[in-house]
Amino acid sequence: MTTYIARRLVLLPLVAFGVTILIFALLQFLAPEMRASVFITNPNQLSAIDAIIRKYGLDQPVYVQYWTWLREVFSGNLGWSQTARMSVSDAIGAFFPATLELTMYAFIPIMIIGVWLGTSAAVHRDELIDHVSRVFSISFRSLPSFVWGLLILMVLYGRLNWFPPGRLSLEADLFVRSGEFHRYTNVMTLDALLNGQGWIFLDALRHLAGPVLTLTIVSIALLVRITRSAMLEVLRQDYVRTARAKGLDEPVVINRHARKNALIPVITLGSLTFVGLVGGVVITETIFNFPGIGRWGAFAAQQLDIPGVTGFAMFTAILTVAGNLMADILYAYFDPRIRLQ
Amino acid sequence: MNFRRKLLTLLVFALAVSLAGVTAAQGQAVKNQDTFIYAAFGEAETMDPHYAYDDASHQVTLWHVYETLVFFNGSSTGQFVPMLSTTVPSVQNGGLSRDGKTYTFRIRSGVKFHDGTAMTAEDVKYSLLRFMFMDRDGGPSWIFLQPILGVDVTRDDKGTLNTALFTEADRAIRVQGDTVTITLKSPFAPFMGIVAQWSSVVSKKWAIAQGDWNGTAATLRRLNNPTKPDDTPFFSKGNGTGPFRLVEWDRGTRQTILERNTGYWRAPAKLRRVIIRGVDDFGARRLMLQQGDADAISVNRNELPQVEGLPGVRIVDDLSTLSNVGVFMTLKIDTTGGNPDVGSGRLDGNGIPGDFFADVNVRRGIAQALDYNTMLRDCYRNKGFVGRGPIPRGMLGHNTNQRWYEFNRERATAAFREARGGQIWNTGFKFTILHNAGNTVRECVARVLKSGIESLNPKFQVDVRSITWATYLAQYRQSKLPLFIIGWGADYPDAENFVAAYQHSKGTYSGAQGYNNPEADKLIEQVRNETDPAKRRAMFYKLGEIAYNDVITINIDAVGLRVMRSWVRGWYHNPAFLHQYNFYPMSKQ
């Protein structure tokens, strides 16, 4: 397994740079004036288009631009993101903790509720819980995330004032900026606990609730269906029948013998869900004004902020490879028949 | 009834009561009494007042963190009051020389920067020179470079800095005791408006201590044309004389925090704190306003119906603005290398040639094919006016009696029949009207115009296409835009800024349209140097008549609006504020 992991880790930087080459290749399709649009943002600056193109070498051949960028990367500089108003590395450091926090609080309920509901639906096939889970799955999946997000925002914030957008309330935000609060990780709930400020922890949770609920609703449906299908397949197996015939309690049959073997497709979907969350969920972050990496990445792409897009793409490529590696390790753990070659 | 059913009933009942509208927000007491929160689309580019050329940056810095030598008098854009200068220079008070070229500002004493150090005339000179010689590509330095040195840029075509200009500028801006004298190349009527908007004063000592330019020619290259916004120490830090000090610009959470300057030279601001938040989604902004978590939000015209009727919300509409929208016709379109927006590129019924709009009869036909009333009603919800040329309403030079075209099918038809000896009428044409993507108002204008043109002759085909800003730049530079709709916001509150952009052969728009009218050029150059308002007005009126005769552009004057909570006090409008709020006199009650 160690060799396998090491081999996969070696691939990481190669994948990351492969992504950057792809992005720069795509640049071929963009005229220099289009790439200047991130610097020229209003009509009063139109007369400076030529000067901007010259200044940033936007009309240089793409291999020259790539080499210039690569040289900077090797000296530790990922470039300046015009859309983030800071360097690319600072932008990742600023936005990623928010997305990580959102992922932590969304992924756990998605997995727990999804697996539990899917298992229950399979075990109690064609009973009430199976029908209810199916209705919820179809309903939740039918509406896109932005509709759910807006509904949750309008009802739970607009009507009930329960879950406001943003990351913290005004009072909490001002306290966090004061000298009395130390930011260790920029994961607000964690920092609040480390600072012993329970009220900030609760405040941060309150602001997380809206986007977490949105992400859970949207992501859980598929997990429930996959888990149900996988469980049904496993419950049909001879060894499960044998376990029951031996007189084992039903919970033991389900939890110890059946569920573990049904987890392979669940792990696949779970890892994809995790990577999708941690790479940033643009729509949810935008609707709830949650300052995550997804919102920035999408905005950078929209504004043709090439250093921003490149940095974001490299980062998510690394996360994707790492996520897939975790999935592979979990496969081997849950299914001894799988050996990592 | 078992426990689960009781619990479910209780939950449903609680939800129903909540959803019945018993919310805390409506009719609520003032929230966050001493803090004003403005939720706006977009974000500042920099906190450096000499680098910034965008509204979002100015919203934070201008007149809040930094102050200018003079300021606008109330809601007027043409009358000024002293700010960091103790007088507004005029010929009457001896502050302006009779030839209109030399302005003398007596600098106020007892004014301190936020770090507690005293502001002096040297700081004013340093600030003006810094503004001029930062001169980044696409920046605002030309606004002072032009009147003081007669140039738009401090570098040659190869990008080499012309240090001789610094020597000239150093002589043109002189400090004598507590006065600063600025001598212009030629009289320039808009100069006081420029000073009111662009002469932000920074601390020379503080700047140098932060590693910024030291004020000499020797280190000018370090200042000139920075590559990135954060190449200057003022990028994320501030030290001005304004009623608010910059506490933090948090780009991670897209918030800027200002706090009351307790050492301010006038009465301290009523607000203790101002927070400007970047909130891109209108739904979130609207709800923040409704709940009182924002005291004001940015609202586009098409979003207005969603805030009308919200309890506790005040909408101020019909605000005059220093901006307008233009429907531009390009007289020399580049049809080479394929241009999908001109069809075949020939006058064969499936396209237009590059000089299609060079025929004034075509332009007059277009101007009379636009149903103005329908456009104003459907696109602007009757909150707009047909422009009488490029100068917006309310500005000196706007002529409300200037004739303009009206929607008239017969006259439009006659104009098209006249064009190219009838060839256009008989052959027909096809082209595309372009507008910037996401702007539903301009899309609406395009469709009304399309409808009007196509109604004249079944051989007339017009498409409407939205393009991104990036695509617009590419098309603009390559002169491939046949007919496009875009706006202009004033750099300073003078009509000269509009006629230069719209009618000069080197203007931002008219130059790109391929327009060249020597009479217009001459008038614009004259109106820059003429200081007599009556003479200027006459020149602007002549330019208005030229705009009518040549009709290269159809203008629409929109009105602005502001949306805020009704507990906001002290707000007032000045068109020079553009999209900004002036927080100093504001409070919440």
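In this predicted model, residue A:Val176 is located in helix α8 of chain A. With 22 other C-beta atoms within 10 Å, and 20 or more being the count at which a residue is taken as buried, A:Val176 is buried. When residues up to four places away in sequence are left aside, the contacts of A:Val176 are A:Leu168, A:Phe181 and A:Ile200.

Chain B contains 19 helices and 20 strands. Its radius of gyration is 27 Å, close to the 25 Å given by the globule rule for 589 residues, and chain B is therefore as compact as a globular protein of that length. Along the principal axes, the C-alpha atoms of chain B occupy a box of roughly 95 × 75 × 45 Å. Of the 589 residues in chain B, 50% are counted as buried, and among the contacts in this chain between residues at least 6 apart in sequence, 69% connect residues at least 24 apart.

One open sheet of chain B is built from seven strands, arranged in the order β7-β8-β9-β1-β10-β18-β11 with mixed pairing. Its edges are formed by β7 (244-250) and β11 (313-319) of chain B, each of which has a single partner strand, so that one side of each is left without a neighbour in the sheet. Within this sheet, five of the six residues of strand β1 (residues 35-40) of chain B are buried, and β1 is therefore largely enclosed by the rest of the structure. Strand β1(B) runs parallel to strand β9 (residues 273-278) of chain B, to which it is joined by six bridges, and B:Ile37 is placed opposite B:Ile275 in β9(B). Two bridges link β1(B) with β10(B), again in a parallel arrangement, and B:Tyr38 has B:Ala296 of β10(B) as its bridge partner. Strand β10 (residues 296-297) of chain B is in turn connected by two bridges to strand β18 (residues 560-565) of chain B, and these two strands run antiparallel; here B:Ile297 is partnered by B:Val563 in β18(B).

Another open sheet of chain B has six strands in the order β13-β17-β12-β16-β14-β15, and its pairing is likewise mixed. The edge strands of this sheet are β13 (384-386) and β15 (460-467) of chain B, each pairing on one side only, and from one strand to the next the twist averages 25 degrees. Strand β14 (residues 429-436) and strand β16 (residues 483-489) of chain B run parallel and are joined by three bridges, with B:Leu434 standing opposite B:Phe484 in β16(B). Across β12 (323-329), β14, β15 and β16 of chain B lies helix α14 (residues 440-454) of chain B, which runs at about 170 degrees to β15(B).

Helix α10 (residues 360-369) of chain B has eight of its ten residues buried, so this helix is largely enclosed by the rest of the structure. The buried residues in α10(B) are B:Val362, B:Arg363, B:Arg364, B:Gly365, B:Ile366, B:Ala367, B:Gln368 and B:Ala369. These buried residues pack against β12, α12 (409-418), α13 (423-427), α14 and β17 (553-558) of chain B.

A further packing arrangement in chain B involves helix α3 (residues 121-134) and helix α4 (residues 142-149), whose axes come within 8 Å and cross at roughly 105 degrees. The helices α3(B) and α4(B) are therefore roughly perpendicular to each other. Their contact is made by B:Leu128, B:Phe131 and B:Met132 on the side of α3(B), and by B:Phe144, B:Leu145 and B:Ile148 on the side of α4(B). In terms of residue class, the contact of α3(B) with α4(B) consists of six nonpolar residues, with no polar and no charged residues.

Methods: Residues numbered from 1 in each chain as written. Chains lettered and ligands numbered in written order. Predicted model: local features only at pLDDT ≥ 70, side-chain atom pairs only at ≥ 80, totals over all residues. Pairing = 2+ DSSP bridges. Helix = DSSP H or I, 4+ residues; strand = E, 2+ residues; numbered from the N terminus. Buried ≥ 20, exposed ≤ 12 C-beta atoms within 10 Å, placed from the backbone. Contact = placed C-beta atoms within 7 Å. Rg over C-alpha atoms; globule rule 2.2 N^0.38 Å. Axes fitted to C-alpha atoms, helices over the stretch in contact; angles between N-to-C directions. Parallel < 35°, antiparallel > 145°, perpendicular 65-115°, else oblique. Nonpolar A, V, L, I, M, F, W, Y, C, P; charged D, E, K, R; others polar.
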